[in-house]
Amino acid sequence: MQTVTAIGLLAIVLAFAVARPARLPEAAMAVPAAVVAVLIGLVSWSDAWSELSALGPTVGFLAAILVLSHLSDAEGVFTYLGGVAARVSRASPQRLLGVVFVLAATVTAALSLDATIVLLTPVVFATAAKLGVRARPHVYACTHLANSASLLLPVSNLTNLLAFAASGLTFVGFARLMALPWLVVIAVEYLVFRRFFASDLGTPARPRAVERVAAPRFALIVLALTLAGFAGAASIGIHPAWVATAGALVLATPRVIRRWRSAGRILLETNPAFCAFVFALGIVVLAVRHHGLDPAIGALVPEHADLLGLLWVAGLAALLANLVNNIPATLVLVPAVAHSPGLILAVLVGVNVGPNLTYVGSLATLLWRQILHAHDARPVLADFLRLGIMTVPACLVAGVTALWATLKISGVS
């Protein structure tokens, strides 16, 4: 009965997060479900507190990077990137796709997938309109790369942060092992996109005049220093959350000095409701793990990070991400493979690439759907599924093979 109850609570939380009735935040159901899990004894008070403490730095980073991304947008970084994309592409749909791939992969890696979804996607819409090209290939690239291009750094995705501490790797060590899989996955995505969207990319452009946008140098310098700080601080034991907070404070200070009332609005950009959702989801997933899931998952994962083992774990992670979303999948799988850094990284390949198969694979994809609806560009489910079928299996195999080769060369297992 406890197992059924725990699974039922998780199912309700995830269904609510997907449907979001009356546009209520995900936390509106997740927090009560977590409280119920503790009150009826599915999770002890001490275990719940331990889970919250373990998630604290990760959620702190999430809040800080959301503020940093918002302030970067307010400083004109994303408008500037849109102008760069327009100039470099020279009204060529094919060239614009390549530029969007570079921008989306870079933004995702440096500022996390949420920045790509929330901030870059509207800019890509505007850029495509200015150039008179069909927006579909380019905005679909935003959602795919928000997921699959988040492999590179621990700070690129909440899933990476959840797994980073368990991996035992340094910030630079993580990036070194994931660099080749990151590049290979992006390359596979690009090749498939060129074929899948051949008709859209072959339509002649009808460009309008594009004004040159001045580079927001202060914001770009702060972002570059913040990214460098992630690598440097991790090597001396400072959590990335503190670095992201410092970067956000540097960008926020001039605004607050000019208008002190803006401090409240900036704090709201931490998205307290979503942070509460992550905390609550951790407790609900812990209830499922404690009541039957841990032994079942433990029996499925391999002991060694050979090629077959890596492929199996990545495939299992991708499947689980599409069944229960990638954040719960990460929370469930990482403890089961904590004995092997290689297997942990394979889990990340699965939970970051796999969500491109269905809408429910990641919350970022669900948010992307909302943005497209707001732009009167409702995505077609059949197209999304066909594109996912063409990209996800190929990216999983290519990414895991690249990871296996990197692990062999680096001597990591």
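R255 lies in helix α12, where helices are DSSP runs of H or I with at least four residues, numbered from the N terminus. The model is predicted, so local features are given only at pLDDT of at least 70 and side-chain atom pairs only at pLDDT 80 or more, whereas totals for chains, interfaces and linings use all residues. Residues are numbered from 1 along each chain as its sequence is written, and side-chain values use heavy atoms, with hydrogens and water left out.

Leaving aside neighbours within four places in sequence, R255 is in contact with L71, A74, E75 and S262, contact meaning heavy atoms within 4.5 Å. The C-alpha atoms of R255 and A74 are 10.0 Å apart in space, although the two residues are separated by 181 residues in sequence.

G247 also belongs to helix α12, which spans residues 240–258, and its relative accessibility of 4% makes it count as buried. Its contacts beyond four places in sequence are L68, V222 and T226; between G247 and V222, 25 residues apart in sequence, the C-alpha to C-alpha distance is 6.3 Å.

**Helix packing**

Helix α5 (residues 93–111) packs against helix α9 (residues 171–196) at an angle of about 150 degrees, their axes being 11 Å apart. This angle makes α5 roughly antiparallel to α9, the term applying to angles over 145 degrees. Axes here are lines fitted to C-alpha atoms, for helices over the stretch in contact, and angles run from 0 to 180 degrees between N-to-C directions. The crossing of α5 past α9 is right-handed, that is, the near helix is turned clockwise from the far one by less than a right angle. On the α5 side the contact is made by Q94, L97, G98, F101, A105 and A109, and on the α9 side by W182, I186, E189, Y190, F193 and R194. By class, this contact of α5 with α9 holds eight nonpolar, two polar and two charged residues, with Ala, Val, Leu, Ile, Met, Phe, Trp, Tyr, Cys and Pro counted as nonpolar, Asp, Glu, Lys and Arg as charged, and the others, Gly among them, as polar.

Helix α3 (residues 45–74) and helix α6 (residues 113–131) pack at about 35 degrees, with their axes 10 Å apart, and α3 likewise passes α6 in a right-handed crossing. Residues L62, L66, S69, H70 and D73 of α3 meet D114, A115 and L119 of α6, and the contact of α3 with α6 divides into four nonpolar, two polar and two charged residues.

Most residues other than glycine have a negative phi. The loop between α1 (2–19) and α2 (27–39) contains R20, and R23 is found in the loop between α1 and α2 as well; the table gives their values.

| Residue | Phi | Relative accessible area |
|---|---|---|
| R20 | about 45 degrees | 22%, partly exposed |
| R23 | about 60 degrees | 65%, exposed |

**Cysteines**

The count comes to zero disulfides, a disulfide being a pair of cysteine sulfur atoms within 2.5 Å. C142 is in no disulfide, and the nearest cysteine sulfur, that of C395, is 16 Å away, which is too far for a bond. C142 counts as buried at 0% relative accessibility, and C395 counts as buried at 0% too.

How values were computed: Helix = DSSP H or I, 4+ residues; strand = E, 2+ residues; numbered from the N terminus. Parallel < 35°, antiparallel > 145°, perpendicular 65-115°, else oblique. Buried < 20%, exposed > 50% of the residue type's maximum accessible area, 1.4 Å probe, protein only.
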